[in-house]
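Open the model in your viewer and keep the selection tool handy.

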Amino acid sequence: MNVLHIDSGILGDHSVSRRLTAAIAAQVRADQPDATITYRDLVADALPHLTGAHLMAANAKPEELDSKVADDVATSAAVLEEFLAADTVIVGAPMYNFSLPSQLKAWIDRIAVAGKTFRYGENGAEGLAKGKKVIVVSTRGGHYSSGPAAIMDHQESYLTAVFGFLGITDVEFVRAEGLNLGDVSKASAISEAERNITGLGKLQLAS
């Protein structure tokens, strides 16, 4: 059992998404003592955003690459291998300005690779990362799961779409929203999310 734990919240110890992903990882350790958990902090060890040089490197010979691009290609390969090796992926995904942290988007750009995690054929796109489970910790300052603001949700909807594109249909959300609507709302949202994590019991992980 290989689990990949991803954090992208920029608030450090004040990050609710980090608190909740840590709780899920602890639950995994309790339920699956033999599980291997690989951790990647996308803030402490931020990935560069994609460049044209990086994309063109796929068709270049190793000796044609300068050291900076070669290092970037090697980093991408390591990030992709972590993802491919994982049976279950825990993703901390706070909503920033109705979407994802740019750090998380940079990670997605490194795992959405033609020929590795998806391909195009006669019938269109086919995801190649089937069989994985993704648990997304979704944290939001307001309420976006329903009501008038739902149209502004480009966070959970995007993650569902991109993981589905890669062939992953088992995507579960642990949500805490209304975090910026006062102390009572924040405490209630966190408590509910933690109850949901505890209520999962033996986490139904991919195997």
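How many nonpolar, polar and charged residues does the lining of the largest pocket have? By class, this lining has 10 nonpolar, two polar and three charged residues (Asp, Glu, Lys and Arg count as charged; Ala, Val, Leu, Ile, Met, Phe, Trp, Tyr, Cys and Pro as nonpolar; the others, Gly among them, as polar). This is a predicted model, where local features need pLDDT of at least 70 and side-chain atom pairs pLDDT 80 or more, while totals for chains, interfaces and linings use all residues. Residues are numbered from 1 along each chain, and side-chain values use heavy atoms, without hydrogens and water.

Stay at that pocket and select His54, Leu55, Ala58, Ser76 and Val113, the closest to its centre among 15 lining residues. A pocket here is an open set of points on a 1 Å grid where a 1.4 Å probe fits, with protein on both sides within 12 Å along at least five of seven lines, and lining residues have an atom within 4 Å of a point. Next, show helix 3 (67-85), a DSSP run of H or I with at least four residues; helix 3 gives the most to the lining, with four residues.

Now select helix 5 (156-165) and colour Glu156, Leu159, Val162 and Phe163, which are buried (under 20% relative accessible area, 1.4 Å probe, protein chains only). Looking down the axis, you will find these buried residues within an arc of 135 degrees, so they line one face of the helix; the arc is that of the directions from the axis to the C-beta atoms. Finally, step just past helix 5 to Gly167, whose phi is positive, about 100 degrees.

Note on methods:
Helices (H or I, at least four residues) and strands (E, at least two) are DSSP runs, numbered from the N terminus. Buried means under 20% relative accessible area, exposed over 50%, partly exposed in between (1.4 Å probe, protein chains only).
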